[in-house]
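Here is a friendly walk through one protein model, meant for someone meeting it for the first time. Have a look at it below, and then we'll go through it piece by piece.

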Amino acid sequence: MAAPSDLPVLPTFPDLTEHHIETEQVVEGKFIRMHTDRVRLPDGSESHREYVQHPGAVVIAAFLDIDTLVFEHQYRYPVGKHFLELPAGKIDAGEAPLETARRELLEETGYVSESWQHALTMHPTIGYANEHIELYIAKDVKFVGHQRDEGEFLEVFTMSLSDAVARVGCGEITDTKTAFSLLWLDRFRDRWM
């Protein structure tokens, strides 16, 4: 696998930065806010950008052994469907992402780990939100009992990485954070094994 320094050099790109002029907060929810900003474009003209401000989240690849992952089955109201997902959760104000990962894994699945590794940062919705998702790998997880929030309903189960990747390939796993994480874990095993 090529290291970043071994990759072909990219062309020099012009500065396409859009500069903030003013912000109008349109919606304030419990953990997201929507803004409409007036911006100055690279050519000097003005435009508007609507976006969601999100606190960020984590997704956890929790391994019982070298190939068996902890998964969740849950219903997602905004799209009205059931999903197969890796454990995940929103970063609370003032909380370090690793602490979020530890907390969410325990709360949702009942598993804990002493071996954690940050793998990568994803930006799933760059066209309309500033959300970032941090992928953490937890190895040799042990079950101690979940501590789910009130109103949180999900089923915990296990699946092999290869089975999960196959389910991405056939369109059964469509949650972006889960699918991308699984494909990354499969492709770049040498970075986390």
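## A word on classes

## The overall picture

What you're looking at is a predicted model. The protein has three helices and 12 strands, and its C-alpha trace spans about 55 × 45 × 35 Å along the principal axes.

Of the 193 residues in the protein, 37% are buried. As for contacts with a separation of 6 or more, 55% of them come from residues 24 or more positions apart.

## The largest pocket

How big is the largest pocket? Its volume is about 1400 Å³. It is lined by 37 residues, and the ones closest to its centre are Phe 31, Arg 76, Glu 85, Glu 131 and Lys 177. The elements giving two or more residues to this lining are β5 (68–76), β6 (81–85), β7 (88–90), α1 (97–109) and α3 (176–187).

Which element gives the largest share of that lining? That would be α1, with four residues. Sorted by class, the lining of the largest pocket holds 15 nonpolar, seven polar and 15 charged residues.

## The second largest pocket

Next comes the second largest pocket, with a volume of about 150 Å³. Its lining is made of 14 residues, and Phe 31, Ile 32, Arg 33, Gln 53 and Pro 55 are the closest to its centre.

## Zooming in on His 35

His 35 sits in strand β2 (residues 33–40). Is it buried or exposed? With a relative accessible area of 7%, His 35 falls under the 20% cut-off, so it counts as buried.

Its side chain makes a polar contact with the side chain of Gln 53, at 3.0 Å. Setting aside residues up to four places away in sequence, His 35 touches Thr 23, Glu 24, Gln 25, Val 26, Arg 49, Glu 50, Tyr 51 and Gln 53.

## Zooming in on Arg 103

Arg 103 is found in helix α1. A polar atom of its side chain lies 3.2 Å from the backbone oxygen of Lys 90. Beyond its neighbours within four places in sequence, Arg 103 is in contact with Lys 90, Asp 92 and Glu 95.

## Aromatic pairs

How many aromatic pairs are there? The count comes to five. One of them is the stacked pair of Phe 63 and Trp 192, with 4.7 Å from centre to centre and 25 degrees between the planes. Phe 63 lies in the loop between β4 (57–62) and β5, while Trp 192 lies in the segment after α3, so this pair ties together parts that are 129 residues apart in sequence. Phe 63 is buried, with a relative accessible area of 2%, and Trp 192 is buried too, at 1%.

Then there are Trp 116 and Tyr 136: their ring centres are 6.5 Å apart and their planes are at 70 degrees, so the pair is edge-to-face. Trp 116 belongs to strand β9 (residues 115–122) and Tyr 136 to strand β10 (residues 133–139), so the pair links parts that are 20 residues apart in sequence. Both Trp 116 and Tyr 136 are buried.

Methods: Residues are numbered from 1 along each chain as its sequence is written. This is a predicted model: local features need pLDDT of at least 70, side-chain atom pairs count only at pLDDT 80 or more; totals for chains, interfaces and linings use all residues. Side-chain values use heavy atoms; hydrogens and water are left out. On a 1 Å grid over the protein atoms alone, a cavity is a set of points where a 1.4 Å probe fits but cannot get out, and a pocket is an open set with protein on both sides within 12 Å along at least five of seven lines; lining residues have an atom within 4 Å of a point. Grid points are joined across faces, edges and corners, and a volume is the space filled by probe spheres set on the points. Ala, Val, Leu, Ile, Met, Phe, Trp, Tyr, Cys and Pro count as nonpolar, Asp, Glu, Lys and Arg as charged, and the others, Gly among them, as polar. Buried means under 20% relative accessible area, exposed over 50%, partly exposed in between (1.4 Å probe, protein chains only). A polar contact is a pair of N or O atoms within 3.5 Å; within protein, one must be able to donate a hydrogen and the other to accept it, and residues adjacent in sequence count only if both atoms are side-chain atoms. Contact means heavy atoms within 4.5 Å. Rings of Phe, Tyr and Trp (its six-membered ring) pair if their centres lie within 6.5 Å; planes under 30 degrees apart count as stacked, over 60 as edge-to-face and the rest as tilted.
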